[in-house]
Amino acid sequence: MSRRKPGTLLPLETEILEAALSMLHSGHATFHGFGLAQTMREQTGSRSLTGHGTLYKALSRLEEFGLLTSRWEDAAAVDGRPRRRLYELTGQGARVAEQALANNADQAVGRFPRVASEPA
Amino acid sequence: MTPERAAQLVARWVRFYTGELPTPIAQRRVDEIGADLHDHIAHERARGTSDRRIALSILSRMARGLTADASWRRRVRPLKGDPMKPLVAILAAALGVAAIGVVAIMRGESGDAPELVLLGILLIVGAFALGVRTAQRSK
């Protein structure tokens, strides 16, 4: 398995940032691990949720890169369930996510080249 | 297997691979995945998913994340000193997971539960990948 080049994001990490950005745009500035996995499943149309180890390792890396921050939710918000670790995009994270989305859009356009109309 | 039993198995695995890590790091991982497991079960039950499917989904997530768990742990606390002790422990854990996978396959075949067979295969593949990766990293 090849090592990543420094400063690059893995596809899953990009996917996480994009999902976080879409949640931000729909009014949810913070998210937790399971909520993120659920959103990613819905957005990709996948049948399965991301593995625990894979997801939380990626979240940890994104936090190290300064693209996400996290904190424990307030004890007052917890009602008969374990408290969640809440994540949030940083300004840099939002910019990286927007750039990734723009790159995806460019690649999508490139994938379907224009076909010149036939001469009359 | 109930979702709660599956969650206990995952929690036990998390406590195992976070063992000997600094307490704040280990506790955060234990608590965070504990919350995930709770949310997972609650969400799927609200959707009407059967307990068996929920349990399989939980175990499948564990199996698919095994190698990432190992590499995360190595990043947090790189192997030093005698590498054989943690190596043997990780390989023993991989063997244990593979054994669970074999049991799942056998029960799945006898009970005509193809999803259990699939889960067993996933566990075995995950355990194998974990073992190979651990062996490679120890060189």
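## Chains A and B: fold and interface

In chain B, residues 24 or more positions apart account for 71% of the contacts with a separation of 6 or more, where contact means heavy atoms within 4.5 Å. This is a predicted model, in which local features need pLDDT of at least 70 and side-chain atom pairs count only at pLDDT 80 or more, while totals for chains, interfaces and linings use all residues. Residues are numbered from 1 along each chain as its sequence is written, chains are lettered from A in the order in which they are written, and side-chain values use heavy atoms, with hydrogens and water left out.

Let us stay with chain B for a moment. Its secondary structure comes to six helices and zero strands, giving the pattern α-α-α-α-α-α along the sequence. Helices (H or I, at least four residues) and strands (E, at least two) are DSSP runs, numbered from the N terminus. Of the 139 residues in chain B, 44% are buried, that is, under 20% relative accessible area with a 1.4 Å probe, protein chains only.

| Strand pair | Sense | Bridges | Residue pair |
|---|---|---|---|
| E1 (residues 30–32) of chain A and E3(A) | antiparallel | three | A:Phe31 and A:Tyr87 |
| E2(A) and E3(A) | antiparallel | five | A:Arg71 and A:Leu86 |

Four of the five residues of E3(A) are buried, so this strand is largely enclosed by the rest of the structure.

Now to the place where the chains meet. The contact takes 31 residues from chain A and 29 residues from chain B. About 2400 Å² is buried between them, with carbon and sulfur atoms giving 51%; this area is the accessible area (1.4 Å probe) that two parts lose on being put together, summed over both. A:Phe34, A:His52 and A:Tyr56 supply 29% of the area that chain A buries against chain B, more than any other three residues.

The rule finds four salt bridges across this interface, each a side-chain nitrogen of Lys or Arg within 4 Å of a carboxyl oxygen of Asp or Glu. One of them joins A:Glu64 to B:Arg75, with the closest N and O atoms 2.9 Å apart. Helix H2 (33–44), helix H3 (52–64), strand E2 (68–72) and strand E3 (85–89) of chain A each supply at least two residues of the side that touches chain B. H3(A) gives the most to that side, with ten residues.

Conventions: Buried < 20%, exposed > 50% of the residue type's maximum accessible area, 1.4 Å probe, protein only. Pairing = 2+ DSSP bridges.
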